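Work through the exercises below with the structure in view. Try each task before reading its solution.

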Amino acid sequence: MKTTAIILMAALALGGCGNRLGGGAGGAGAGGYDPYGTGAGYVPGGPSDPTSVAYFQQSIGDRVLFAVDQSTVSPEARDVLAGQAQWLNANPGYTALIEGHADEQGTREYNLALGGRRANAARDYLISQGVAATRLRTISYGKERPLQICSTEACYSQNRRAVTVLAAGAGV
Amino acid sequence: MTPRLTTFLRALAALLALAGPAVAQDSPGPLRIEITDGVIEPLPFAVPTFVARNEGAGGLAQDITRVIAADLANTGLFREIPQDAHIARIGSFDAPIQFSDWKAIGAQALITGSVLAEGDGRIVVQFRLYDVFSEAPLGDGLQFAGTAEGWRRMAHKVADAAYSRITGEDPYFDSRVTFVSEQGPKDARQKRIGVMDYDGANVTYLTSSDAIVLAPRFSPDGSRIIYTGYESGFPRVTVIDVATLQKTTVGGVDQNMSFAPRFSPDGSRVVYSAEVSGNTDLYALDLNAGGTTRLTTAPSIETAPSFSPDGSRVVFESDRSGAPQLYIMPAGGGDAQRVSFGEGRYGTPVWSPKGDYIAFTKQNAGRFHIGVMRTDGTEERLLTGAFLDEGPTWAPNGRVVMFTRETAGATGAPALYTVDITGRNLQRAATPAAASDPSWGPLLR
């Protein structure tokens, strides 16, 4: 009994971690995500379930990265976004909020605008891949929600990102 | 939560000139500091503890004296001669001054005063400023009356009068600053809007930390604060009434984000940025009539707008040339002139209240600077340099700039700093927690 409890706790901790990495910076809920679903084997809604939010986050990739000051979608980012579009097209019961982020090298205002550019660049690419515009919204957090907190390029490169956060719903 | 200043404002009596003990000087005497001089020797002053005119005034007399001394000394323009070096005592506010006693300790300015605690919770503060070497008062004596809880404001008024008479500049100590108080780790920072006296006293908070709040800016009369808030989940320009804490979202439409707002000098208009389909442009909102005007239509980022003091022009930041630079255009939109041409990236321009300078953030070679330039872009002068300095705001007299300085790394945190426009006297401002995005309000009345 004791062992089982420990394993369950470990799974919970992993689940929490995964949620943090994949979830919205503003706490926008990733609807339908099952935090218990990180255990071994197929669990409906778990990361091995291709229709799950966890699968979207972990296997397809919910984020794309950008170069300094840029909002151009790189070839690597295109691959990720194409996968996101495919998933969204196959799972019409979800909408997405695309969060644009910047690293801390820049003023607050400029970074808000830059995050807006990045989120929209990702959105435009998803639309070009057939996702209905009505299912996609954007928001910028500028430099307010870094993922990595060091002050070197190793962290900055992870912070210059657009994250696609899913929510259950049919869109507007 | 109602800030004390509003109740105090009602209670503060008009300034009442007292007859000085000697003939007041019409023109400034030899006691004078020119702030624009690059390096100056701080002027030595003495401020013996104000005379308590009755028993209840003793503690306040001491407190008021210390705030006056701190106001003046913290400018870097003045140096207090410690009280334990004084050889004379001021036993009565109206007793003749023995100037030789003050000369002997090297004091060039002497401030004397008294405090009377009236029975109804009100106090009366009197003060005189003397030029020790010419053995004469500098200006008339002054008297302030107000509530005891507003004692710090009366101290600031005294220090403001002394500062103005000696420097010839407008006062600024009796003023407030709004800012963002920050708590928590860097990747989950909690922010709320605070208001404090310019010296960090009397902090109150206007918002909870439930939503991200950014860059609050005072209205010209200090009664409202405009900021970017994520209360709805999306960034919106929001006005909060300082007295009632009532919030109103203004400008922008639901699907877009709006941010970087500032009031016009008469408080009737707001200029801000809105992002539509990834493109950020400038807009102006008439708060009375309600109409919105789009000011720019470029595909580049246009943000961080700030009005000229006469309301006729707007300085802003744009990357239309490839990297962020500063531009000036008519307040109603139209042709913009680029004004920054130095190396690096320029942002968050703020027009000085006197109209003589534009303060800005500059990013160059991996460092951030706060700088000032003339409104035609000449005479650029960097006042600071650090890992991350940004977001200058002007003291009401246009001679001091406050800004955010954030330290690097995982434990990095922001704090507020002030610096003179000469680049002298860099000082950290006292705040109870980490703080960013200061906006200096008007001189209080």
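The exercises that follow concern a predicted model.

**Exercise 1. Find how domain 1 and domain 2 of chain B are bounded, and what distance separates their centres.**

Solution. Start with the bounds: the domain assignment of chain B places domain 1 at 4–167 and domain 2 at 175–443. Then take the centres over C-alpha atoms: those of domain 1 and domain 2 of chain B are 34 Å apart.

**Exercise 2. Describe the side of chain A that touches chain B.**

Solution. Begin with the contacts: 22 residues of chain A meet 33 residues of chain B. Next, look for elements of chain A that supply at least two residues each to this side; these are α4 (108–128) and β3 (136–142). The greatest contribution is that of α4(A), with 9 residues. Last, sort the residues of this side of chain A by type: 10 are nonpolar, 6 polar and 6 charged.

**Exercise 3. Give the strand order of the open sheet of 4 strands in chain B, and name its edge strands.**

Solution. The order in chain B is β20-β21-β22-β23, and the pairing is antiparallel. Strands β20 (302–307) and β23 (337–338) of chain B each pair on one side only, and they are the edge strands. Now turn to one pair within the sheet: β21 (residues 313–318) and β22 (residues 325–330) of chain B run antiparallel and are joined by 6 bridges. B:R313 has B:P330 in β22(B) as its bridge partner.

**Exercise 4. Work out how β24(B) and β25(B) are connected.**

Solution. First, the pairing: β24(B) and β25 (residues 357–364) of chain B are antiparallel, over 5 bridges. In β25(B), B:Q363 is the bridge partner of B:R345. Second, the connection: the two strands β24(B) and β25(B) form a hairpin with 5 residues between them, and B:G355 in the turn has a positive phi of about 85°.

Definitions and conventions:
Residues numbered from 1 in each chain as written. Chains lettered and ligands numbered in written order. Predicted model: local features only at pLDDT ≥ 70, side-chain atom pairs only at ≥ 80, totals over all residues. Pairing = 2+ DSSP bridges. Contact = placed C-beta atoms within 7 Å. Nonpolar A, V, L, I, M, F, W, Y, C, P; charged D, E, K, R; others polar. Domains from an automatic or database assignment.
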